[in-house]
Every structure is written in structure tokens, then in C-alpha cells.
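Thank you all for coming. I would like to take you through one model this morning, beginning with the backbone and then turning to the ligand.

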Amino acid sequence: MREYDFDGLVGPTHNYGGLAVGNVASARHEGQLSNPRAAALQGLDKMRFVRELGVAQAVLPPHPRPHLPTLHALGFRGSDEEMMAAAAGAEAPLLRVCSSASAMWAANAATVAPSSDTADGRLHLVPANLDAMFHRAIEAPVTHAVLSTIFADPARFTVHRPLPGARHFGDEGAANHARLAVPDAPAVHLFGWGRRSWEGGEAASDGSGRHAPRQAREASEAVARLLQLDPARCVFARQHPRGIEGGAFHTDVLAVANEGVLLVHELAFDDVAAVEAELRARLGLALRVELAREAELPLADAVDAYPFNSQLLTLPSGEMAVVAPTDARHNPAARRFLERVVGSGGPVRAVHWLDVRESMRNGGGPACLRLRVPLEEAEVAALGARVVLDEALEAELRAWVTRHYRDRLLPADLADPVLAREALRAIDELSAILQLGSVFAFQR
Ligand code: SUG
């Protein structure tokens with residue numbers, strides 16, 4: 001089994017719409033000028049780098065934006081141009097909501113369990129409903145369609161429906177999930193959650209702050225059931241309310257795991273010692289936890305610079321490497337922490353700094369941009385689309401970006417019907433490159 005990192009390609013409408021409440025970077029950059037072309041190329045540069053490290057890399061397509069079916073469902077009528085103009089004039093920021101390129105953050109696409117861990121021996125995926133935010137919730141049915149096309153072989157894969165139940169089962173996907181594994185023991189699945197929908201409801205959730213928790217514990221439990229995981233190998237851990245309040249809206253803002261290694265900030269979970277004890281009870285002494293306390297790495301720096309939102313990767317040599325955002329190199333506390341981990345004599349031997357600034361300004365670091373899918377060789381051969389990144393596909397994707405993407409975009413430009421036509425044409429062409437068929441509604 002080998003981990004494939006499926007990165008979300010950045011879509012042509014990448015912009016700073018300020019839509020993600022509780023996400024400090026998204027709020028801070030609202031209204032600023034974005035560069036969709038640079039964003040997409042930064043993403044491809046990261047994929048190339050990861051592939052050159054010897055890690056398997058694949059891609060997920062951007063979603064069609066503006067999402068005209070959503071405007072239609074909200075009662076807008078007439079030509080596409082008329083609907084867009086009406087939505088742009090509406091009181092709520094509906095055109096922004098329907099134009100966000102947020103599907104790029106593939107860690108929120110789904111939660112994944114490899115076939116080695118599931119009761120029926122199939123790989124299971126639960127697309128996230130992303131019900132906490134409108135601009136993200138509209139991703140869910142499209143993600144379901146895309147994943148059902150890629151993981152189409154029913155003998156090997158099960159792609160579930162996103163959870164029903166709206167906010168009661170609000171689910172943010174793999175951003176709140178980590179799989180830990182040490183030799184000679186079954187893997188353990190760690191699920192981070194921010195609130196409970198029952199058992200005292202919102203009052204018990206500390207949802208009183210400015211930054212509401214997104215993931216419901218009930219959702220995490222439902223995802224674990226659907227993934228057919230052994231309940232004895234699942235750990236459910238509450239995110240620290242202060243971490244969420246400080247801008248750690250997903251667990252992967254303050255923690256990252258790989259095999260038997262967990263890098264974690266003390267405010268990732270409300271009781272980080274208990275989480276470590278639960279993991280150790282299942283994984284034993286082989287588990288290695290690198291804990292950052294507030295004194296070493298203040299929460300504000302962790303949220304600003306995203307040292308934990310790194311990819312922690314196993315290289316072909318068996319050693320591990322961290323792929324971190326350059327923002328963490330420029331933050332002294334974040335940098336010292338990662339360098340301490342590398343110098344600690346454990347399996348993590350190198351840190352590499354990559355520039356994903358365009359995504360970072362919307363609160364998405366290297367780890368947000370990828371969905372980890374551990375695959376057997378036969379499962380790779382059974383994939384239903386051309387998504388594994390090789391030299392040829394990368395070259396085609398670079399040319400495709402350069403052909404279609406603008407290098408300047410303001411939220412105000414979203415009302416431009418020419419942009420909409422450009423963006424949808426690009427997605428149409430991409431689905432041919434990736435051999436996805438007519439997976440999107442506008443193509444049918
Ligand atoms: O959901 N930002 C995303 C960032 C997601 C990061 N993902 C992980 N931590 N795994 C979010 O907050 C801002 C988009 C906008 O305003 O258009 C946004 O949705």
C-alpha cells in the first residue's frame with residue numbers, strides 16, 4: 001500500500017471573498033487582489049516537488065464556478081448573465097458564495113479509509129457535507145460525483161453519500177481526521193470534533209465564541225461507521241475551544257500525523273495528554289508525539305504560519321520529510337519548532353519550504369490542498385480517470401492553466417460574464433484532459 005496525495009487543482013475563480021468566518025487569513029485578505037494563475041501554478045509546483053521526493057501524487061479537478069445551478073435553485077431566472085447580475089446585486093454575497101474556488105482544499109473533500117482498515121476490505125470514502133458554510137456546502141454533491149467517477153469500481157471502492165442532517169452532522173472531511181499506524185498493529189483513526197449536536201447541544205459546545213466550531217462529534221462517529229472501521233481502533237477527540245477561537249477551525253491547523261508520528265500543538269485538543277494516552281494504549285511505544293506547548297509556539301503563530309498544516313510524508317528510503325509553507329520559515333517560533341522536530345533523532349529528517357501563498361491567504365496550507373488516499377497497486381490500476389500525476393499530465397496541466405487563467409482577480413470581477421465563460425470553458429477542457437467524462441451538470 002502506498003499513499004497517493006490527491007491535490008485539489010486551484011480553480012480559475014480563486015479570489016479573496018472573505019467567506020470563511022473563523023478563518024483568520026480569509027477574513028484578513030477579504031477584497032484583496034488574487035492571482036488565480038499563480039495560485040494554480042504554486043499548487044502544481046508543490047505537486048511536482050512531492051512527486052520528486054518519491055511520493056505518489058494525483059489530482060482532483062476544480063469545481064465549476066460560478067455555480068449557476070445554485071443560483072437557479074435560489075430562484076434566480078433568465079440567462080446566465082441575468083442570474084449573475086441579479087445575484088451580484090443581492091444583499092447576501094451570493095455571487096461570491098457561488099464563485100469560491102474552495103474545492104481546492106481537498107483535505108475537506110472526504111474522509112478516507114484504506115482497504116486494509118475496513119471490515120469489507122474495500123477502500124471507503126465519505127465526501128464531506130461541509131454544512132458549516134454555504135460556499136463549501138455546495139461542493140458536496142459535486143465532490144460525490146467526482147469521487148464516484150474516479151473510484152468507480154464497486155468491487156474495490158465504496159463512495160458514500162455525504163452525511164445527511166445538515167449542521168447536526170456537520171462534517172469537514174479528512175481535515176479533522178488522521179490515520180496513525182506502527183508496524184505490527186492495526187492502524188488507529190483519530191477524529192477531531194468541535195461541538196456536539198445533542199447531549200446538551202450547542203451550550204455544551206462552547207459555540208458561544210466568535211468562531212463557531214464546524215465539526216459535530218456525531219458526524220465524526222457516523223463517518224467512522226460508514227468507513228467500516230473497528231470501533232476499538234477509533235479515537236474521538238474534542239478540539240480545544242481556545243484553538244478554534246484562535247483560528248484553528250480544522251484539526252489540521254494544529255496537528256499532523258504520519259505512520260507513528262504525531263506533531264501536535266497543545267491547543268489542538270482540549271486534553272492533549274488524554275489523546276496521547278489513548279493513542280499510546282493502542283499503538284504502544286512506537287508512537288512518537290512531538291508536542292508544541294504555547295511557550296514554545298504560541299497559538300497565534302501556529303495559526304499565522306501554519307507549521308502543522310504541513311505534509312508529513314514517508315519517503316522511499318523510509319525516512320520522513322515535512323513539506324511546510326514558506327510562511328512557517330519566516331515565523332521564528334514555527335521554524336524553530338519544525339527544526340527541533342527534524343533534529344530530534346526521530347524519523348522526520350528534513351523540512352522543505354514551499355510557497356503556496358495564494359492559498360495560504362485564504363487559510364489553506366500544503367496539508368489543506370491534499371487528500372491522502374492509501375492505495376494498493378491493483379486499486380491504482382482500477383482508478384476510473386486519468387488523475388495520477390506523471391510528467392505528461394503535469395505538462396498538460398501547466399499549459400492548461402497558462403491558457404485559461406487570469407493573473408488578476410478582485411471579488412468585484414466575479415460579476416463579469418466573460419470570466420464565467422472563461423472559467424467554465426477551462427473546466428470543460430480539463431475534464432477531457434482528466435478523462436472524467438461529463439461529470440459536471442453544466443456539461444449535460
Ligand atoms: O474552509 N477557506 C477554507 C480553507 C480551508 C482550509 N482547509 C483545511 N484546514 N484543511 C475554509 O475556511 C475561504 C474562501 C473564500 O473566501 O472564498 C475558505 O473557504
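Predicted model: local features only at pLDDT ≥ 70, side-chain atom pairs only at ≥ 80, totals over all residues.

In which loop does alanine 166 lie? Alanine 166 lies in the loop between strand 5 (157-159) and strand 6 (177-180), where strands (E, at least two residues) and helices (H or I, at least four residues) are DSSP runs, numbered from the N terminus. Its phi is near 50°, a positive value in a residue other than glycine.

Residues are numbered from 1 along each chain as its sequence is written, and side-chain values use heavy atoms, with hydrogens and water left out.

Over the whole protein, the secondary structure comes to 17 helices and 15 strands, and the C-alpha trace spans about 65 × 50 × 40 Å along its principal axes.

Turning to the ligand, 21 residues surround it, the closest being Leu19, His135, Arg214, Asp252 and Cys368; a residue is counted here if one of its heavy atoms lies within 4 Å of the ligand.

Histidine 135 has a polar side-chain atom 2.7 Å from an oxygen atom of the ligand, an N or O atom in the side chain of asparagine 23 is 2.9 Å from a ligand oxygen atom, and asparagine 108 places a polar side-chain atom 3.1 Å from a nitrogen atom of the ligand. The protein covers 100% of the 490 Å² of accessible area that the ligand has on its own, as computed by the Shrake-Rupley method with a 1.4 Å probe.

Technical notes. Polar contact = N/O pair within 3.5 Å; in protein donor to acceptor, adjacent residues only side chain to side chain.
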